[in-house]
Amino acid sequence: MAYQFAKIAVKIGSNVLTRKDGTLDITRMSALVDQVAELHKAGIEVILISSGAVASGRSEIRASKKLDSVDQRQLFSAVGQAKLINRYYELFREHKIHVGQVLTTKENFGTRRHYLNQKNCMMVMLQNGVIPIVNENDTISVTELMFTDNDELSGLIASMMDAQALIILSNIDGIYNGSPSDPETFVISEVEHGKDLSDYIQTEKSGFGRGGMITKTNIARKVADEGITVIIANGKRDNILVDLLKKPETTVCTRFIPSTQEVSSVKKWIAHSEGFAKGELHINEQASHVLNSDQAVSILPVGITEIVGEFEKDDIVRIIDCHGKQIGVGKTSFDSEEAREMIGKHGLKPIVHYDYLYIE
Ligand SMILES: Nc1ncnc2c1ncn2[C@@H]1O[C@H](COP(=O)(O)OP(=O)(O)O)[C@@H](O)[C@H]1O
Ligand SMILES: N[C@@H](CCC(=O)OP(=O)(O)O)C(=O)O
């Protein structure tokens, strides 16, 4: 039977891989590996983004004295990641499938050169039949330059690798239209472009998760806008991955409908680069209006009212509209000093060209 997608990214949350007592759920891991193996053998390219390092480390060792949260994360992830990848290696080996570990940090996506380097690493793995198993390198990403959680990382990877779908597996069937514990609520099966879900999402998180449903929803929307189908489903359900691909109509999940507009590779990178922004371009009312419409426009000096921060040419900057709201990010063609001199002037080159502009 033909599958719906040829290349997918699958994110497995900590809660899918851990039991209530915090130990690694090997039975669940093994079941998921069997499904990934089935897809791989059917010719689908799969990139795994797996959480679980901290949770598996926590169940492995007891610290000799009370540790602060950074020390805990470093200690548990160092021990837990080794255990996690070792398990994956053994489980995939039974299917005669090679896997490779990709540990990364947010900084590895900061410049276009770093970004392409990461991409190349995973492309060459896929070309050689190796399944990349990606996680944040929690041992060193302890500063403000840390991913919100692996949902953010998985969105970046799906976009970077030009996956057709991103499947986020959590411990819940999808996004509920209210509190998941309320029997009156149900799973929203499809989310159309631009639909606001903020009223439904509770701030609660599952026992071992980091970001909760809010980050999942924000990431899902951004990735779907880039033309990638995003599915949030329950990784604890038997055969979920295969069912999602083979029986999409009857398998419970939340599916974000992808945009049909093509997005260039550079724009995809910029869309996920907000965390690296060095400064801000404030724009006037007219510029805010055209940028919020569907027109393909660049940011010209004439529409800029203020430039905040110091940046170099090619740095990422935030675009702030006339109400002070961030509406996007872009790669600037001038440094901040040159750009300040151009403010309000007619007939000059764009400060951010349309090709390097991402409007949210
Ligand atoms: N409207 C909602 N629908 C579904 N889950 C929600 C909703 N609001 C909050 N949540 C919570 O989000 C949790 C999943 O996010 P998270 O804890 O980050 O999981 P993971 O570890 O898989 O990334 C759910 O277990 C649930 O408690
Ligand atoms: N890198 C961390 C993942 C933390 C995280 O984002 O967890 P989750 O919200 O379950 O995806 C780990 O492996 O423990």
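Leaving aside neighbours within four places in sequence, Lys11 is in contact (heavy atoms within 4.5 Å) with Ile49, Ser51, Asn150, Asp151, Ser154, Ile167, Ile168, Leu169 and Lys216 in this predicted model. Lys11 is found in strand S1 (residues 7-12), helices (H or I, at least four residues) and strands (E, at least two) being DSSP runs numbered from the N terminus. With a relative accessible area of 5%, Lys11 is buried; buried means under 20% relative accessible area, exposed over 50%, and partly exposed in between (1.4 Å probe, protein chains only). The UniProt annotation "binding site", from an unreviewed entry, covers Lys11; UniProt positions are given in the numbering used here, feature names are shortened, and annotations may be inferred rather than shown by experiment. Residues are numbered from 1 along each chain as its sequence is written, while chains are lettered from A and ligands numbered from 1 in the order in which they are written. Local features need pLDDT of at least 70, side-chain atom pairs count only at pLDDT 80 or more, and totals for chains, interfaces and linings use all residues, with side-chain values using heavy atoms and leaving out hydrogens and water.

Strand S1 belongs to an open sheet of eight strands in the order S3-S4-S2-S1-S5-S7-S8-S6, with mixed pairing; two strands pair if DSSP finds at least two bridges between them. S3 and strand S6 (190-191) stand at the edges, each with a single partner strand, so one side of each is left without a neighbour in the sheet. S1 and strand S5 (residues 165-170) run parallel and are joined by five bridges, with Ile8 standing opposite Ala165 in S5. S3 and S4 likewise pair in the parallel sense, over six bridges, and Thr104 stands opposite Glu136 in S4. Together with H5, S3 and S4 make a right-handed β-α-β unit, a crossover being right-handed if, with the strands pointing away from the viewer, the path from the first strand over the helix to the second runs clockwise.

Aromatic rings of Phe, Tyr and Trp (its six-membered ring) pair if their centres lie within 6.5 Å, and planes under 30 degrees apart count as stacked, over 60 as edge-to-face and the rest as tilted. By this rule the count comes to four aromatic pairs. The rings of Phe109 and Tyr115 have centres 6.4 Å apart and planes at 70 degrees, so this pair is edge-to-face, and both residues are buried. The rings of Phe109 and Phe147 are also edge-to-face, because their centres are 6.0 Å apart and their planes stand at 75 degrees. This second pair links distant parts of the chain, 38 residues apart, with Phe109 in the loop between strand S3 (99-104) and helix H5 (112-127) and Phe147 in the loop between strand S4 (131-136) and helix H6 (150-160); both Phe109 and Phe147 are buried. Phe109, Tyr115, Phe147 and Trp269 form one aromatic cluster.

A charge sits over a ring if NZ of Lys or CZ of Arg is within 6 Å of the ring centre and within 35 degrees of the ring normal. The charged end of Lys267 sits over the ring of Tyr354, 3.7 Å from its centre, and that of Lys331 sits over the ring of Tyr356, 4.6 Å from its centre.

Most residues other than glycine have a negative phi. Asp162, in the loop between H6 and S5, has a positive phi of about 55 degrees although it is not a glycine, and is partly exposed, with a relative accessible area of 35%.
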